[in-house]
Amino acid sequence: MAYRFYGWAGATVPTVSDEYPGINTPQDLYDALCHVWCEYTCAPRFRAEWSMENQTLGQCSITAFLVQDIFGGEVRGILRPGGSYHCFNVVGTAVFDLTSEQFGNEVLDYDDYKVQSREEHFSKEEKYQRYEYLRKELKNYTAELINV
């Protein structure tokens, strides 16, 4: 199966956490997040544009830090117009971006980055709350899968 996120084919990294049963690969996580991402987890500045057709819109930082929780590695950011960063993950030699499809056909430069800090991102209370909500909903979703 082909995925639409950047680096999906090379995203063969092991988990460092068993907190989310059934999530064994970044592809598993992407599949689960497709059931969890929502308008509430979207960054407020993008909520009016968020839709099920573009569900990765505004989800990058909270998703990248969740990926880091599950797979380890670094969260890196690509500077975007306006001064914000688009976050993605690097684990070992694997570079992948579960939220890249929000950019459509735009090609991002994953070699031009700045390492992102959890402390800096989560100093914004609304972002931390969205991250916690995403974590909770992912736990609920994976728990439901086990009980089915």
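**Cores, strands and a pocket in a predicted model**

The largest nonpolar core of this structure, which is a predicted model, has 31 residues, and those with the most contacts inside it are Leu29, Leu33 and Phe96. The largest share, eight residues, is the contribution of H2. Apart from this core lies another, of six residues, which include Phe88, Val90, Leu108 and Tyr110.

Not counting residues up to four places away in sequence, Phe96 touches Phe5, Tyr6, Gly7, Ala11, Val13, Pro26, Val67, Phe88, Asn89 and Val91.

One of these partners of Phe96 is Pro26, a residue whose place is in helix H1. Is Pro26 buried or exposed? Pro26 counts as buried because its relative accessibility is 0%, and the cut-off for that class is under 20%. Leaving aside neighbours within four places in sequence, the contacts of Pro26 are with Phe5, Ala11, Val13, Phe71, Phe96 and Leu98.

The strands can be followed from E1 (residues 74–79), which runs antiparallel to E2 (residues 85–91) and is joined to it by six bridges. Within this pairing, Leu79 has Tyr85 of E2 as its bridge partner. Five residues lie between the two strands of the hairpin, where Gly82 takes a positive phi near 100°. E1 also pairs with strand E4 (residues 114–115), again in the antiparallel sense, and here the pairing extends over two bridges. In that pairing Arg76 stands opposite Val115 of E4.

Tyr85, the bridge partner of Leu79, leads on to the largest pocket, because Tyr85 is, together with Arg45, Cys60, Ser84 and Lys127, among the lining residues that lie nearest the pocket's centre. The lining comprises 25 residues in total, and the space in this pocket is about 480 Å³. H2, E2, helix H3 (118–121) and H4 each supply at least two of the lining residues. What is the make-up of the lining of the largest pocket by class? The lining has nine nonpolar, nine polar and seven charged residues.

Key. Residues numbered from 1 in each chain as written. Predicted model: local features only at pLDDT ≥ 70, side-chain atom pairs only at ≥ 80, totals over all residues. Heavy atoms only, no water. Pairing = 2+ DSSP bridges. Helix = DSSP H or I, 4+ residues; strand = E, 2+ residues; numbered from the N terminus. Core = buried A, V, L, I, M, F, W, Y, C linked by side-chain atoms within 4.5 Å. Buried < 20%, exposed > 50% of the residue type's maximum accessible area, 1.4 Å probe, protein only. Contact = heavy atoms within 4.5 Å. 1 Å grid on protein atoms, 1.4 Å probe; cavity = no way out; pocket = protein on both sides within 12 Å on 5 of 7 lines; lining within 4 Å. Points joined across faces, edges and corners; volume = space filled by probe spheres on them. Nonpolar A, V, L, I, M, F, W, Y, C, P; charged D, E, K, R; others polar.
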